[in-house]
Amino acid sequence: MTDHIELTNFIKKNINIDDDDLKIVLSYFKKIKKKKNEILLSNGKNSLVSYFVKKGCLRLFYINEEGKDVTRYIAFENQFATELVSFITNEPAQETIQVIENSELLYITHHDFRHLMTIVPKWKDFYSIYLEKAYVNNSKRLISFTTLDASERYKQLFKINPNIVKRLPNKIVASYINISQETLSRIKSKI
């Protein structure tokens, strides 16, 4: 499973799992390559797959009431990405998953993900930690929108995840921190 070394390290970083159980988990992940701008999940379709980014970048976004593209989540190397609400509820997704850079991904189906929880008890621990981290990250982002001004949000983003600023176009960066591209340009010119 040398193709899965990044995923192996990620799992071991989050849970204590023995080699036999780890081999079982890894056997359910398949490798795919996707090109920039491909859509992995469209709004309105059920999220039946969870992706692990080996190389590249994915983003989850939705279109708000004004028809504006809003980026909610960005996944770089060694991160998972799925439309989590749909993945959990099996209801149609409200977000779209888009490939932002040519990417190498590992994926697992919803069915296999759930099956692993019944045959590898430690996988439940992994899922619990994943959900907790997702909740904390979403809560912190939401709070930043109401407590920080645009400049402070940009500085915080640069401090916490500089890859977003360094690797992605201004349009996506602005969408992610909920500001206009013009405001982002002004902030960047002052820094």
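Tutor: The second largest pocket is lined by Y62, N64, V70, T71, R72, N138, R141, L142, F145, S175, Y176 and N178, where a pocket is an open set of points on a 1 Å grid over the protein atoms alone at which a 1.4 Å probe fits, with protein on both sides within 12 Å along at least five of seven lines, and lining residues have an atom within 4 Å of a point. This is a predicted model, in which local features need pLDDT of at least 70 and side-chain atom pairs count only at pLDDT 80 or more, while totals for chains, interfaces and linings use all residues. Residues are numbered from 1 along each chain as its sequence is written, and side-chain values use heavy atoms, with hydrogens and water left out.

About 260 Å³ of space lies in the second largest pocket, a volume being the space filled by probe spheres set on the points, which are joined across faces, edges and corners. At least two lining residues come from each of β4, α5 and α8 (170–176), with helices (H or I, at least four residues) and strands (E, at least two) taken as DSSP runs numbered from the N terminus; α5 gives the most, 4 residues. By class, this lining has 5 nonpolar, 5 polar and 2 charged residues, with Ala, Val, Leu, Ile, Met, Phe, Trp, Tyr, Cys and Pro counted as nonpolar, Asp, Glu, Lys and Arg as charged, and the others, Gly among them, as polar.

For context, the largest pocket has a volume of about 1200 Å³, and α5 also supplies the largest share of its lining, 12 residues.
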